[in-house]
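Please look over the sequence and the model before reading on.

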Amino acid sequence: MFEEVVPGLYRIQVPLPGSPLKATNSYVVKGTERSLIIDTGWNREDCMTALVSGLKECGVDSRQADFFITHMHADHSGLVPTLAGEGAKIYFGWADAEIIRSATPDHWEKQIDFARKRGFPEEELEKALGSHPGRRYTRRYSTSASLNLSVLKDGDTISIGNYLFECIETPGHTEGHICLYEPSKKIFICGDHILVDITPNITLSSEERNPLKEYLRSLDKVYDLDVELVLPGHRRIFRNHQERIRDLKKHHQTRLEEVISILGKDKQNAFQVASQMTWDISYKSWDLFPSAQKWFAFGEAMAHLKYLEEEGKVGSETEGQGIVFFTRVSNA
């Protein structure tokens, strides 16, 4: 679906078949010589068809466009290597750009090992990763495409058409997540940093980060922006980002309390914790969850456990071949 949001700025809804996200919002800012395409959808034929059709309606040729990718996930970056013309600039936040540049064949194996040690059942791992959209719908960047990555940091600007966007680093959903803010027009293009109707997936798949802590800080970072129109990566465009930020922070506080309650006095692995958390998904029981959805839920449980562990409210220890968690909260 194609629509002009404000003069010279368009939204194309790129379908994500089979995903609870439903679609990716790809935004197009039309310029005189070159245009800017913001996020793309998966690397699959129906996504390509929808995006190319929308670009045609906008009067934009992808070969005469640059690309701004809010973050590296396949539903936002999957089509870039296919669509980008020769010499196109491909804008990424620095941390996600580094991951793309340094990606190795054992990338997924490291995540599997991390999950296995924290209770993800061996028999489910192959199903979960086999159906993971990040593996199925990402096209690896060629050497030439990688050389065209333009790394952005806080305060950098992009001028296109009648818009001058400021870059704001918002780590959390990914380490290199980055948003665009147009202060004179009070427009905030925020990828998966702030979503309405659904909550962004804050997930942990390695020991190096505390993504929930990063995310909450990033919400605070953009709270005071003067914004009238919020353009998210999924679902509907909305207003009043401050109200939504308050809702998101309350949501994660409730989740943290739920994790502590689940642990109680019993040591449990992260998969067991995830199986008892409250999920807004249309399945009657955890056992009926598709393996890929269990993977995302497990990652979110891990993000909350990591946050609580660094806050001193949860501890962890090795038990057998795995890692279990326990509460440190006093009953007094």
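Which residues does Phe325 touch, not counting residues up to four places away in sequence? In this predicted model, Phe325 touches Leu263, Asp266, Lys267, Gln268, Asn269, Ala270, Met302, Leu305, Glu309, Val314, Gly315 and Ser316.

**Nonpolar cores**

- The largest nonpolar core has 52 residues, and those touching the most other members are Phe120, Phe188, Ile194, Met302, Leu305 and Phe325.
- Helix H12 gives the most to this core, contributing nine residues.
- Another core, of 25 residues, lies apart from it and includes Cys47, Ala65, Phe67 and Val80.

**Helices H10 and H12**

- Helix H10 packs with helix H12 (residues 291-310) at an angle of about 85°, and their axes are 10 Å apart.
- Because of this angle, H10 is roughly perpendicular to H12.
- On the H10 side, the contact involves His251, His252, Arg255, Leu256, Val259, Ile260 and Leu263, which meet Glu300, His304, Leu305, Tyr307 and Leu308 in H12.
- Seven nonpolar, three polar and two charged residues make up the contact of H10 with H12.

**Helices H9 and H10**

- The axes of helix H9 (residues 211-223) and helix H10 (residues 241-263) cross at roughly 160° and come within 10 Å.
- H9 is therefore roughly antiparallel to H10.
- The crossing in which H9 passes H10 is left-handed.
- Residues of H9, among them Leu212, Tyr215 and Leu219, meet residues of H10 that include His241, Ile245, Leu248 and Leu256.
- The contact of H9 with H10 has nine nonpolar residues, together with three polar and three charged ones.

Key:
Residues numbered from 1 in each chain as written. Predicted model: local features only at pLDDT ≥ 70, side-chain atom pairs only at ≥ 80, totals over all residues. Heavy atoms only, no water. Axes fitted to C-alpha atoms, helices over the stretch in contact; angles between N-to-C directions. Helix = DSSP H or I, 4+ residues; strand = E, 2+ residues; numbered from the N terminus. Parallel < 35°, antiparallel > 145°, perpendicular 65-115°, else oblique. Left-handed = near helix turned anticlockwise from the far one by under 90°. Contact = heavy atoms within 4.5 Å. Nonpolar A, V, L, I, M, F, W, Y, C, P; charged D, E, K, R; others polar. Core = buried A, V, L, I, M, F, W, Y, C linked by side-chain atoms within 4.5 Å. Buried < 20%, exposed > 50% of the residue type's maximum accessible area, 1.4 Å probe, protein only.
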